[in-house]
Amino acid sequence: MISIATWNINSVRLRLPLVERFLKEEAPDVLCLQEIKCQEHQFPAEALAALGYEHQAVHGQKGYHGVATVSRVPLREYARHDWQANGEARHVGVELLKNGSAVMALDNVYVPAGGDVPDREVNAKFGQKLDFLDRMINWASNISQPTMIVGDFNIAPLESDVWGHKQLLKVVSHTPLEVDTLDTFKAAHDWVDVGREFIKDPERYYSWWSYRSPDYRKNDRGRRLDHMWASPQLAKQASGHRIVEDARSWEKPSDHIPLITEFDL
């Protein structure tokens, strides 16, 4: 069995104690982090290696964005796609290895949030988000090995992925245009939304709560922005999926929580 986790940590250096707590308590084999907000030489590589996560692929950037995959099992970095087309560090792809051979590809992505107005004519960030997804669609159409893509997609596609479907139809992350574009990405490789295989729609399933809400549990205005999707054959080997919602209430938390999927490989 192998377990894979994803978490938008919103600054890995600021929240290193939370990452260490998570790794000690949940012990996934692989952790994919987004929004690490540091350059590669600033990444806490030694601290995570000391916990057994000595295999690392870090695509960092000064101040913003950045992704990193750390693992207890051997890995080989194979790609850093510039789906933003401007050099931003928003993707790193690795192959997980067993006896020197690839068991699966694991792509870690941080999709742009897209600004506040869902109109590319007045909001360039929204257009960049849609173009980013278009580049992901082209990539997905040519995948030739069992692959998992995880990370912060910044889109909550289902009505049960948000606290208020009607209230959020014109809010970036849940607009019909974004959902349709994500559906096109899904169809490009027949991806299986692994989380929703285990937490069935219409069951509530959130991974993000705004910092603007002082009591996130009371208001519970969440959205499912984080995802774990797998190639069809790989998805058949998924044996479990869970969320660590308590992490949202830890001291100085990220506004996202970790997701974990287990595979019988």
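1. The lining of the largest pocket divides into 11 nonpolar, 13 polar and 12 charged residues. Here Ala, Val, Leu, Ile, Met, Phe, Trp, Tyr, Cys and Pro count as nonpolar, Asp, Glu, Lys and Arg as charged, and the others, Gly among them, as polar. The model is predicted: local features need pLDDT of at least 70 and side-chain atom pairs 80 or more, while totals for chains, interfaces and linings use all residues. Residues are numbered from 1 along each chain as its sequence is written, and side-chain values use heavy atoms, without hydrogens and water.

2. The largest pocket holds about 1100 Å³ of space. Of its 36 lining residues, Ala 113, Gly 115, Asp 116, Asn 154 and Trp 208 are the closest to the centre. A pocket is an open set of points on a 1 Å grid over the protein atoms alone, where a 1.4 Å probe fits, with protein on both sides within 12 Å along at least five of seven lines; lining residues have an atom within 4 Å of a point. A volume is the space filled by probe spheres set on the points, which are joined across faces, edges and corners.

3. The second largest pocket has a volume of about 160 Å³. Its lining divides into seven nonpolar, no polar and two charged residues, including Met 1, Asp 29 and Lys 98.

4. Helices are DSSP runs of H or I, at least four residues, numbered from the N terminus. After H5 comes Asp 190, with a positive phi near 55°.

Note on methods:
Helices (H or I, at least four residues) and strands (E, at least two) are DSSP runs, numbered from the N terminus.
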